[in-house]
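Visitor: I have a model open and would like to learn how to read it. Could you take me through it feature by feature?

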Amino acid sequence: MKVPKKARYDVAVIGGGPAGMMAAGRAAELGASVVLVEKNEGLGKKLLITGGGRCNVTNDKPDPREFLEKLGKKGKFLFSTFAQHSVKDSLDFFNSRGMGTKVENEGRVFPVTDSARTVYDLLVRYMKEGGVEVVTGLAAKGFHARDGVIVGLNTEKDTVVADSYILATGGTSAPETGSTGEAFKWLARIGHNVTEPDAALVPVKIAEKWVRDLSGVSHQHVKLALVINGKRDTSRIGRMVFAHFGLSGPLVLNFSKEIREAMQYAQTGDKIELALDIMPDLDSAALDKRVQEAFATASNKKLKNSLKGVVVPALVATVLSLAKLDGEKEANAVTREERLALVKTLKDMRMTPTGFLGKEKAIVASGGVKLEEVDFRTMASRLFPNLYLIGDVLDVERPSGGYSLQLCWTTGWVAGKSAAKRSKENPSSRQA
Ligand SMILES: Cc1cc2nc3c(=O)[nH]c(=O)nc-3n(C[C@H](O)[C@H](O)[C@H](O)COP(=O)(O)OP(=O)(O)OC[C@H]3O[C@@H](n4cnc5c(N)ncnc54)[C@H](O)[C@@H]3O)c2cc1C
């Protein structure tokens, strides 16, 4: 684990995602001594997976009014911030540093290299040029606040001391990248109000008619997996209920955040599916054995009456139909291929999520620090003048299409500038 070298900095940035890197680079460019503390061993873990690895850096809306309209009611908070750093300023920033960009459908802007790595490399270089001290593998643990200012950042090692602190620890989406939302607890402890992510637990609408036809049927123990472009992503096990609109029950409610994120950040042409496994405790071979046993004890019965102990009665007709099997056929006449098709269906019933109950819109409320508690001219907290809040830490609604990263560039740039200015104007707070 690395540790910060200096006893005191002008600016300490917490979190090495896109917002933190931009803020650190800008403050350093303006002459501030800057340390950036990141808990992962590397920076920008989420940045590198944005836009399916291609990084949709912004949306081509040079008029801030038009851009901010897309953020819903909360967009109006950000006029003064975008007046200082607009979409055009971000594009100039990237283009002038050698990163060409191109505009695709719906105004989505990508690097010409089609690689998030280009954006990452550029930001790392920007910070290096300014002399930012990057400390990775060090988790911050909270703030020391005294008399209305932040006087220190607790870390798992020593306390980091700076004139200003820029919080860029992200929100709670894709927690495996490091955005686990722990800073929201510290903020609440020092008096900030943090909004819970909206619509975190919601039922899911499904396109397929067979799902809706099963309305009212529940299953105690099934596995649901998210499948993105044919590749299995995360999965969960639990109780699921079929409903007239799609799926509900604890399993689905708890899974809805991941499903929502996958849909929100899907690129045009991406295929998002859910795979239902109604026998999650048996692998395909064990399930095949169970089906053969069921057939053996019901060999003279029709297929539709021979699946006792394998499928709940309410699901039999649907399973047979999805496996393209004739339920009227006798169990002892079922071929091996037909039996394997049945097993495959029991382990993998595909569904297409189309939306969420009561949340028809593509816009997703993210949760985060209440905007009323931030001065958007500087990105400073209204409670602590030397604490700056940026990127996904803020409770701003963001549609997909490059809007989230643009918020990182704009709020990071303005916070970096404001924090650097603050330490120049308050040299008394600095020690040699
Ligand atoms: C799959 C996916 C694809 C996306 N694609 C796009 C896209 O193409 N275009 C777009 O505009 N947006 C996209 N987004 C959204 C975008 O990635 C986020 O808005 C953006 O990463 C937020 O940046 P941030 O710097 O605020 O936070 P993050 O990127 O979340 O970075 C926060 C950093 O802080 C660190 N950290 C957290 N806690 C601590 C701690 N206690 N101590 C030290 N460090 C800490 C984390 O490890 C992390 O590195 C996507 C999101 C996902 C999940």
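Visitor: Which polar backbone atom is 2.9 Å from a nitrogen atom of the ligand?

Guide: A polar contact here is a pair of N or O atoms within 3.5 Å; within protein, one must be able to donate a hydrogen and the other to accept it, and residues adjacent in sequence count only if both atoms are side-chain atoms. In this structure, alanine 140 supplies the polar backbone atom, 2.9 Å from a ligand nitrogen. Asparagine 56 has a backbone N or O atom 3.0 Å from a nitrogen atom of the ligand, and for serine 404 a backbone N or O atom lies 3.4 Å from a ligand oxygen.

Visitor: What should I know about the model itself?

Guide: This is a predicted model, where local features need pLDDT of at least 70 and side-chain atom pairs count only at pLDDT 80 or more, while totals for chains, interfaces and linings use all residues. Residues are numbered from 1 along each chain as its sequence is written, and side-chain values use heavy atoms, with hydrogens and water left out.

Visitor: How many residues surround the ligand, and which are the closest?

Guide: A residue is near a molecule or strand if one of its heavy atoms lies within 4 Å of it. Here 34 residues surround the ligand, and the closest are Glu38, Ser179, Glu182, Asp392 and Leu405. The shell divides into 14 nonpolar, 15 polar and 5 charged residues (Ala, Val, Leu, Ile, Met, Phe, Trp, Tyr, Cys and Pro count as nonpolar, Asp, Glu, Lys and Arg as charged, and the others, Gly among them, as polar).

Visitor: Which helices and strands each supply at least two residues of that shell?

Guide: Helices (H or I, at least four residues) and strands (E, at least two) are DSSP runs, numbered from the N terminus. Those that supply at least two shell residues each are helix H1 (18–29), strand E2 (34–38), helix H6 (182–189) and helix H12 (403–425). H12 gives the most, with 4 residues.

Visitor: In what order do the 3 strands of the open sheet stand?

Guide: Two strands pair if DSSP finds at least two bridges between them. The order is E7-E8-E9, with antiparallel pairing. E7 and strand E9 (159–160) are at the edges with a single partner strand each, so one side of each has no neighbour in the sheet. E7 (residues 140–146) and E8 (residues 149–155) pair over 6 bridges, while 2 bridges join E8 to E9. Asparagine 154 in E8 stands opposite glycine 142, and its bridge partner in E9 is threonine 159. The hairpin of E7 and E8 has 2 residues between the strands, and aspartate 147 there takes a positive phi near 50°.

Visitor: Which residue takes a positive phi in the hairpin of E13 and E14?

Guide: Asparagine 229 does, near 50°, in a hairpin with 2 residues between the strands. E13 (residues 218–228) and E14 (residues 231–242) pair in the antiparallel sense over 8 bridges, with alanine 225 opposite serine 235.

Visitor: How far apart do the C-alpha centres of domain 1 and domain 2 lie?

Guide: Domain bounds come from an automatic or database domain assignment, which gives domain 1 (9–198 + 365–429) and domain 2 (204–356). Their C-alpha centres lie 42 Å apart. The contact (heavy atoms within 4.5 Å) takes 14 residues from domain 1 and 8 residues from domain 2.
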